[in-house]
Amino acid sequence: MNPEAKIFDDIVNARRSVRKFDSGYKFDHQAVDRSIDRAILSANSSNMQLWEFYRITSDKAKKDIAEICLNQNAAKTANELLVFVARPDLWKQRRGKLIQHFQSIMPDKEERKAKLTYQYYEKWIPNLYDIRFPWFSDLAKKALILKNSSKPFMRDIFSRDVPIICHKSVALAAQTFMLSIKAEGYDSCPMEGLDSVRLKTYLNLPKAAEISMVIGVGKGLPEGVYGDRFRVPKSDVVFEL
Ligand SMILES: Cc1cc2nc3c(=O)[nH]c(=O)nc-3n(C[C@H](O)[C@H](O)[C@H](O)COP(=O)(O)O)c2cc1C
């Protein structure tokens, strides 16, 4: 085993969902900053980066958001709260930045690799993400799938799939964040037990934005770990073909 794998193993094993933090601890908020930098490097669909991370650090906002998180201990006692948000509605803006980047590294649009890349972002991405008229775009997608039914073709492309595509990437960022915060010597608890409508209003987010999860972060207390870790047997979840 690579020595790095042992370090990674230790971090993965040490991470637990911790529901009680030491509120009085002199918390290093820079650890969160560094962990966000690492989370941003997570794999994400088409590199569209349709995510946002809201850092909740002031006492007032932390108290308000803890209430929105149904006053869970993990939220009430956290040194900092983070809201991980999926933003399918920002596809045009993000795509614009990607295309700008491609123009700087691949100015010749006719070169083969460039051609494929521009085609992907100029034709396919709008096809997938433009769901302003879902009834119409879903019908067009159905036709596209029918036309390609004899070969392997991406089928989870309907308007209902778009937020799911974004949540997958946000969840990967959340896991990178939690492992990183553990490596920094702190603990975390992801939470979906919350009032997402109230939270969106509080953060002034548009209707199309979706709360993926809130993560409470802090110096975990031993009593914040609710019991030993349990996983179903590996044979129930791992299959080899
Ligand atoms: C998306 C997601 C949402 C979760 N929501 C909550 C929550 O609202 N409250 C809570 O106490 N734990 C929550 N958890 C933590 C899980 O209960 C926990 O990860 C699971 O029991 C496994 O324990 P471990 O993280 O210590 O390995 C959530 C975890 C995930 C991934």
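**Helix H3**

I began with helix H3 (residues 59–68) of this predicted model, where Ala61, Lys62, Asp64, Ile65, Ala66 and Ile68 are buried. Buried here stands for a relative accessible area under 20%, exposed for over 50%, and partly exposed for values in between, with a 1.4 Å probe and protein chains only. Helices (H or I, at least four residues) and strands (E, at least two) are DSSP runs, numbered from the N terminus. I then looked up what covers the buried residues of H3, and the cover includes S1, helix H4 (73–76), S2 and helix H9 (196–202). Just after H3, I noted that Leu70 has a positive phi of about 55°.

**Basis of the values**

I recorded that the model is predicted, that local features need pLDDT of at least 70 and side-chain atom pairs pLDDT 80 or more, while totals for chains, interfaces and linings use all residues. Residues are numbered from 1 along each chain as its sequence is written, and side-chain values use heavy atoms, with hydrogens and water left out.

**Overall fold**

I counted 10 helices and 4 strands in the protein. Their order from the N terminus is α-α-β-α-α-β-α-α-α-α-β-α-β-α. Along the principal axes, the C-alpha atoms fill a box of roughly 60 × 50 × 40 Å. Of the 241 residues, 42% count as buried. I next looked up contacts, meaning heavy atoms within 4.5 Å. Among contacts with a separation of 6 or more, 78% come from residues 24 or more positions apart.

**Surface and charge**

The accessible surface of the protein is about 14600 Å², and carbon and sulfur atoms hold 56% of this surface. The areas come from the Shrake-Rupley method with a 1.4 Å probe; for residues, only the protein chains shown count as cover. I found 39 positive and 30 negative side chains, the centres of the two sets lying 5 Å apart. Lys and Arg count as positive, Asp and Glu as negative, and His and the chain ends are not counted. Each charge is placed at NZ of Lys, CZ of Arg, CG of Asp or CD of Glu.

**Salt bridges**

I took a salt bridge as a side-chain nitrogen of Lys or Arg within 4 Å of a carboxyl oxygen of Asp or Glu. The count by this rule is 15 salt bridges. One of them joins Arg55 and Glu80, at 2.6 Å from N to O. This pair links distant parts of the chain, with Arg55 in strand S1 (residues 51–56) and Glu80 in strand S2 (residues 80–86), 25 residues apart. Arg55 is partly exposed at 31% relative accessibility, whereas Glu80 is buried at 0%.

I also looked up Glu110 and Lys115, whose side chains meet in a salt bridge at 3.6 Å, N to O. Glu110 is exposed, at 57%, and Lys115 is partly exposed, at 42%. In a further salt bridge, the closest N and O atoms of Arg132 and Asp130 are 2.8 Å apart. Arg132 is exposed at 58%; Asp130 is partly exposed at 23%. Finally, I noted a network of salt bridges that links Asp28, Arg34, Arg38 and Glu184.

**Cysteines**

I searched the whole structure for disulfides and found 0. Cys189 is in no disulfide, and the nearest cysteine sulfur, that of Cys69, is 9.7 Å away. A disulfide requires a pair of cysteine sulfur atoms within 2.5 Å. Cys189 is buried at 2% relative accessibility, and Cys166 is buried at 3%.
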